[in-house]
Amino acid sequence: MVLVNEQRKLSASLPLICRCIISCILVLLTQLTLSLVPRFFAASPFIVQFALSGLVLLLVQTLCGWCRRLLGVCASAPAFVFFNILFIWGFYIAVVRQAVSSLIGGLFNIEVAMIIIGLCSIMSKDPGLITNEFPHLDKLVEGSELGVDPDNENSLSRKRVRYCKICKAHVEGFDHHCPAFGNCIGQNNYFLFIVLLVGFLATEASYVACSAQFVGKSQNFDKSQSENDWVVNLATSTMLFSILQLLWQAVFFMWHIYCVCFNVRTDEWVNWKKYPEFQVIESEPGESFTRMRFTNPYDKGFLQNVKDFLSLRR
């Protein structure tokens, strides 16, 4: 019986192991492909290398998507994020570290360690899953009016319980399903999600500064005597990669700051027409048709909204 259970556990873990291996290969392929940009376009302006890096990254991801459809195998998004962090961290320790001060290096190492801890926490933390706490929950589907009672604090509407199609579960305070973290973002982990975004931005900005310092010092040497051009190319490509990540994550972070300030969730903003409490029906005198506009019943003012967000710490 014990042997059978062990075999079942192994069979269940094999797909996950395969996805992690594919993610690791994908990270190496992506980073090495990006290093070709500074290798062949070293004389080009930085903005050109930046644009080309974005195109190369998009091309690699598209090709990987085609391979996934053809071969029937796919990578794990959380594992892809995790291995990218390890790759950048490993390259920093092996190469870039020599060009920065011990103080800055120690700070960067602490930032990466905190990011890894945060990733493990948010991937395992319950986002606010609702099981059988409410009656007739199994009948609640996206856009249903079941449980909508603005004056009842215990209603599904007031608790902002939404349905995640990916997890096939109801989540309290549902914001969105995050593929990069492999988990929903809801009432219980929304604060951690925002903190983790700040951590990513700070860590990537630190790496950009460190790698730029390394590249600058390397370029001061006589190129004819340089035998480590590939190292400089990889330092430049990882710096470009980090800048690309910084840009979209900064936009993503600003969006969520807006959501915090106005107490609205991403899912509610995108799909507000599915949720009756966000709808106001209007009609002008003399008009034969009505209009539906968005309203936010959860907006309590900037200060109270921020207080409510800070109260999510658990």
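Trainee: At what angle do helix α7 and helix α9 pack in this predicted model?
Mentor: Two packed helices are described by the angle between their axes and the distance between the axes. Here α7 covers residues 229–262 and α9 covers residues 302–310, and their axes lie 6 Å apart. The angle at which they pack is about 110 degrees.

Trainee: Is α7 roughly parallel or roughly perpendicular to α9?
Mentor: Angles of 65 to 115 degrees count as roughly perpendicular. The angle between α7 and α9 is about 110 degrees. Therefore α7 is, relative to α9, roughly perpendicular.

Trainee: How many nonpolar residues does the contact of α7 with α9 have?
Mentor: On the α7 side are V260, C261 and F262, which meet F302, N305, V306 and F309 of α9. By class, the contact has no charged residues and one polar residue, while the number of nonpolar residues is six.

Trainee: Which cysteine sulfur is nearest to that of C178, and how far away is it?
Mentor: The structure holds zero disulfides, and C178 is accordingly in none. A disulfide requires two cysteine sulfur atoms within 2.5 Å. The nearest cysteine sulfur to C178 belongs to C184, at 9.7 Å.

Trainee: Is C178 buried or exposed?
Mentor: Residues under 20% relative accessible area count as buried. The relative accessible area of C178 is 7%, so C178 is buried.

Trainee: Which residue meets R160 in a salt bridge?
Mentor: The structure holds four salt bridges. In one of them, the N to O distance is 2.5 Å and R160 is a partner. R160 lies in the loop between β1 and β2, and its partner is 108 residues apart from it, in helix α8. That partner is E268.

Trainee: What is the relative accessible area of E268, which also meets R162 in a salt bridge?
Mentor: The salt bridge between E268 and R162 has an N to O distance of 3.0 Å. It links helix α8 with strand β2, across 106 residues. Both E268 and R162 are buried. For E268, the relative accessible area is 0%.

Trainee: Where does E277, which meets R162 in a salt bridge, lie?
Mentor: The side chains of R162 and E277 meet at 3.0 Å, N to O. R162 is in strand β2, and E277 is 115 residues apart from it. E277 lies in the loop between α8 and β6.

Trainee: Which residues are linked in a network of salt bridges?
Mentor: E268 meets R160 and also R162. R162 in turn meets E277. The network therefore links R160, R162, E268 and E277.

Methods
Residues numbered from 1 in each chain as written. Predicted model: local features only at pLDDT ≥ 70, side-chain atom pairs only at ≥ 80, totals over all residues. Heavy atoms only, no water. Axes fitted to C-alpha atoms, helices over the stretch in contact; angles between N-to-C directions. Helix = DSSP H or I, 4+ residues; strand = E, 2+ residues; numbered from the N terminus. Parallel < 35°, antiparallel > 145°, perpendicular 65-115°, else oblique. Contact = heavy atoms within 4.5 Å. Nonpolar A, V, L, I, M, F, W, Y, C, P; charged D, E, K, R; others polar. Buried < 20%, exposed > 50% of the residue type's maximum accessible area, 1.4 Å probe, protein only.
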